[in-house]
Amino acid sequence: MENVVKNFNLIKQEIIDKKNVKIVAVTKTFPISHILPVINEGHTDFGENKVQEAMEKWTSIKQDFPKINLHLLGKLQTNKVKFVLPLFDYIHSLDNLKLASKIAEEQIKKNFKPKIFIQVNVGEEPQKGGIEAADVENFYKKCVDEYKLNIIGLMSIPPFNKDSKPYFIKMKELSENLGLKDISMGMSNDYLEAVKQGSTFIRVGSKIFGARG
Ligand SMILES: *Cc1c(COP(=O)(O)O)cnc(C)c1O
């Protein structure tokens with residue numbers, strides 16, 4: 001088993017001067033026994049990709065550790081929204097209006113407003129989810145004015161196997177244009193660059209927990 005606490009603390013050390021950066025420890029595919037040492041270190045922010053997996057894994061542990069914030073990182077289907085609230089405190093993957101409308105309904109029903117990032121397809125990749133950069137402003141306004149969502153920032157997954165830096169710079173520019181202060185970007189292979197370019201939520205999985213099987 002990886003020394004997850006050591007891995008985690010190394011990353012924390014690297015960004016120690018960045019007080020406004022949160023590490024979302026991405027725990028998808030790993031069992032709670034593998035994650036518990038990091039929880040016991042006092043870390044509070046964890047990310048999952050799939051709703052079903054998260055429900056099974058986190059429902060009871062969240063009751064034992066009420067300070068834990070759970071972050072949904074993966075594609076969210078509208079029919080799963082009812083399971084997402086209030087299990088997840090953050091949703092990083094809002095990328096269409098149908099979903100926005102569904103979350104709007106559900107947050108009233110549950111009387112719980114998640115913090116939400118709009119996912120941006122910053123690399124303009126046809127296979128990838130996310131709002132096109134040119135459409136982000138309109139989409140953002142609708143989410144806030146019409147659906148009363150608590151949009152805290154933008155999120156992106158830059159193209160795989162390319163230098164992330166220009167995409168991070170673009171994300172920072174988009175965020176500033178909208179006056180949004182949080183940005184969710186940076187993964188195991190590029191989180192240091194992401195932090196340099198203004199990320200406030202880095203999503204780190206394999207660098208902490210090891211390779212996924
Ligand atoms: C899996 C995943 C991560 C973490 O990836 P690593 O390369 O293991 O750090 C971050 N963000 C999203 C959206 C993911 O699906």
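What is the volume of the largest pocket? The largest pocket has a volume of about 560 Å³. The model is predicted, so that local features need pLDDT of at least 70 and side-chain atom pairs count only at pLDDT 80 or more, while totals for chains, interfaces and linings use all residues. Residues are numbered from 1 along each chain as its sequence is written, and side-chain values use heavy atoms, with hydrogens and water left out.

**View 1. The largest pocket.** The ligand takes up the space of this pocket. A pocket is an open set of points on a 1 Å grid over the protein atoms alone, where a 1.4 Å probe fits and protein lies on both sides within 12 Å along at least five of seven lines; lining residues have an atom within 4 Å of a point. A molecule sits in a pocket if more than half of its atoms lie within 2 Å of its grid points. Volumes are the space filled by probe spheres set on the points, which are joined across faces, edges and corners. The lining has 30 residues, and Lys-28, Ile-157, Met-187, Arg-203 and Arg-212 lie nearest the centre. By class, the lining comprises nine nonpolar, 10 polar and 11 charged residues (nonpolar: Ala, Val, Leu, Ile, Met, Phe, Trp, Tyr, Cys and Pro; charged: Asp, Glu, Lys and Arg; polar: the others, Gly among them).

**View 2. The shell around the ligand.** Residues around the ligand, with a heavy atom within 4 Å of it, include Val-26, Asn-49, Leu-73, Ser-188 and Gly-205. Five residues of the shell are nonpolar, four polar and three charged.

View 3. A polar contact is a pair of N or O atoms within 3.5 Å. A side-chain N or O atom of Lys-28 is 2.7 Å from a ligand oxygen. For Arg-212, a side-chain N or O atom is 2.8 Å from an oxygen atom of the ligand. Ser-206 places a backbone N or O atom 2.8 Å from a ligand oxygen. The ligand taken alone exposes 380 Å², of which the protein buries 90% (Shrake-Rupley method, 1.4 Å probe).

**View 4. The second largest pocket.** This pocket holds about 280 Å³ of space. Of its 14 lining residues, Lys-12, Ile-15, Val-21, Lys-22 and Ile-23 lie nearest the centre. At least two lining residues come from each of α1 (4-14) and β1 (22-26); helices (H or I, at least four residues) and strands (E, at least two) are DSSP runs numbered from the N terminus. The lining divides into five nonpolar, three polar and six charged residues.

**View 5. Backbone features in loops.** Leu-85 and Pro-86 are joined by a cis peptide bond with omega of about 5°, and Pro-86 lies in the loop between α4 (81-84) and β4 (90-94). Lys-148, a residue other than glycine, has a positive phi near 55° and belongs to the loop between α6 (136-145) and β6 (150-155). Asn-161 also has a positive phi, near 70°, in the loop between β6 and α7 (165-178).

Definitions and conventions: Polar contact = N/O pair within 3.5 Å; in protein donor to acceptor, adjacent residues only side chain to side chain.
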